[in-house]
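The structure comes first, then the notes by topic.

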Amino acid sequence: MTLDKTSAPMNFVEIISILINNSSVDLNSFFQQTDEVRRTCVGEEIHLRGLIEFSNICRRNCLYCGIRASNSSIQRYRLTEEEIIAAAEKAVEFRYGSVVLQTGEDSGIEADWLGKIVKKIKKMGLAVTLSLGERDDQDYQLWRKAGADRYLLRFETSNRQLFNVIHPPLSNRKPVDRIEILQKLRSLGYEIGSGVMIGIPGQTYEDLARDIDIFRTLSLDMIGCGPYLPHPQTPLGNPETHKNIDLPDIDPKDQVPATAEMAFKVIALARIVCPKANIPCTTAVATIDAQEGRKLGLMRGANVVMPNLTPVKYRKMYEIYPNKSATYLSVEQTHDAVMQTLREIGRIPGTGRGDSVAYLEREQC
Ligand code: SAH
């Protein structure tokens with residue numbers, strides 16, 4: 001194994017050894033430690049963010065994602081302003097501190113239109129996180145001025161070769177650097193959130209360890225990761241088309257598996273490298289292990305859940321991967337299931353906006 005000497009070598013080695021899980025690592029005691037770091041650094045509260053997936057329209061053709069532009073088998077939708085506000089009102093009713101407005105990369109979403117919606121939601125007392133993919137700088141600026149607090153943009157993998165293959169640039173454009181975008185978002189005053197998919201075909205343990213090291217160097221305020229889940233209507237998820245993709249040629253023993261256990265390790269390691277970050281136990285983790293995923297993630301380093309507030313009639317259409325957790329539950333049932341999990345593990349729902357401790361401390365300096 002060749003290690004990247006530019007990153008902190010010891011930590012990188014430790015990260016790899018946890019990921020590969022050689023016999024010297026006692027995982028149970030490691031998870032106990034990461035839960036303890038979570039308790040000490042961000043406390044017992046679990047912050048609830050109401051997720052509003054308000055458009056599945058997308059101009060991109062990411063090879064992994066079910067709502068990619070070329071998938072003609074899904075019906076496309078964009079919520080109206082009234083529908084978005086009604087979903088945000090549910091967040092107020094359920095006493096969530098914030099909402100996350102997420103979409104495909106929908107160029108039909110006008111910056112001014114969304115800016116006005118952000119202002120309205122802020123007046124309701126909620127913090128607002130945006131996650132609309134790659135947009136022009138002036139849009140990020142406008143939304144920040146309108147009051148948006150946070151921006152989520154996963155860099156998906158730090159392996160540039162792999163990223164450029166699975167996330168092709170728009171035609172006539174250069175490949176983008178999502179890490180640069182995150183830095184720009186931070187300079188605009190956003191809390192920044194990022195993360196990766198775990199077990200992307202062609203992703204090695206070394207790649208994943210470097211991803212985690214980058215969480216540290218970026219001092220992320222929010223870290224959301226989940227297993228890669230194959231979608232049959234995508235080039236990467238369909239065995240027929242998969243073999244024609246120019247993925248990195250890696251030794252099969254170096255391939256990261258897309259398992260629940262690997263996702264727990266990444267959550268736990270994220271807690272170690274960014275102890276004060278807000279770390280959700282994502283829907284993909286709750287999907288790959290429907291019984292225990294959410295609970296175990298929250299017991300191994302995570303402190304955030306994002307209950308889905310998307311109106312039920314649209315949920316099935318935001319199918320980035322199949323069998324997404326809570327697709328057929330009502331908004332009330334989704335909420336009840338999350339609250340039940342919190343009770344089972346003896347944790348309490350957060351009060352207030354649930355700002356990142358890391359962000360607040362940086363602002364004070
Ligand atoms: N358009 C926005 C939001 C994309 S959906 C953006 O590009 O940032 C949010 C996240 O879902 C993505 O960042 C990706 O990490 C994850 N995702 C998409 N397809 C997936 C799949 N097949 N398996 C697991 N996660 C997936």
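The shell around the ligand consists of 10 nonpolar, 4 polar and 4 charged residues. In this count Ala, Val, Leu, Ile, Met, Phe, Trp, Tyr, Cys and Pro are nonpolar, Asp, Glu, Lys and Arg are charged, and the others, Gly among them, are polar. The model is predicted: local features need pLDDT of at least 70, side-chain atom pairs count only at pLDDT 80 or more, and totals for chains, interfaces and linings use all residues. Residues are numbered from 1 along each chain as its sequence is written, and side-chain values use heavy atoms, with hydrogens and water left out.

**Ligand surroundings**
- The ligand is surrounded by 18 residues, each with a heavy atom within 4 Å of it.
- Tyr-64, Thr-103, Arg-154, Glu-156 and Leu-229 are the closest.

**Polar contacts (pairs of N or O atoms within 3.5 Å)**
- The side chain of Glu-156 places an N or O atom 2.6 Å from a ligand oxygen.
- In Arg-178, a side-chain N or O atom is 3.0 Å from an oxygen atom of the ligand.
- Tyr-64 uses its backbone: an N or O atom there lies 2.9 Å from a ligand nitrogen.
- Of the 560 Å² of accessible area that the ligand has on its own, the protein covers 92% (Shrake-Rupley method, 1.4 Å probe).

**Cys-58**
- Cys-58 lies in the loop between strand E1 (45–55) and helix H3 (81–93); strands are DSSP runs of at least two residues and helices of at least four.
- Cys-58 counts as buried because its relative accessibility is 17%, and buried means under 20% with a 1.4 Å probe and protein chains only.
- Arg-68 is 10 residues from Cys-58 along the chain, and their C-alpha atoms are 6.0 Å apart.

Conventions
Polar contact = N/O pair within 3.5 Å; in protein donor to acceptor, adjacent residues only side chain to side chain. Buried < 20%, exposed > 50% of the residue type's maximum accessible area, 1.4 Å probe, protein only.
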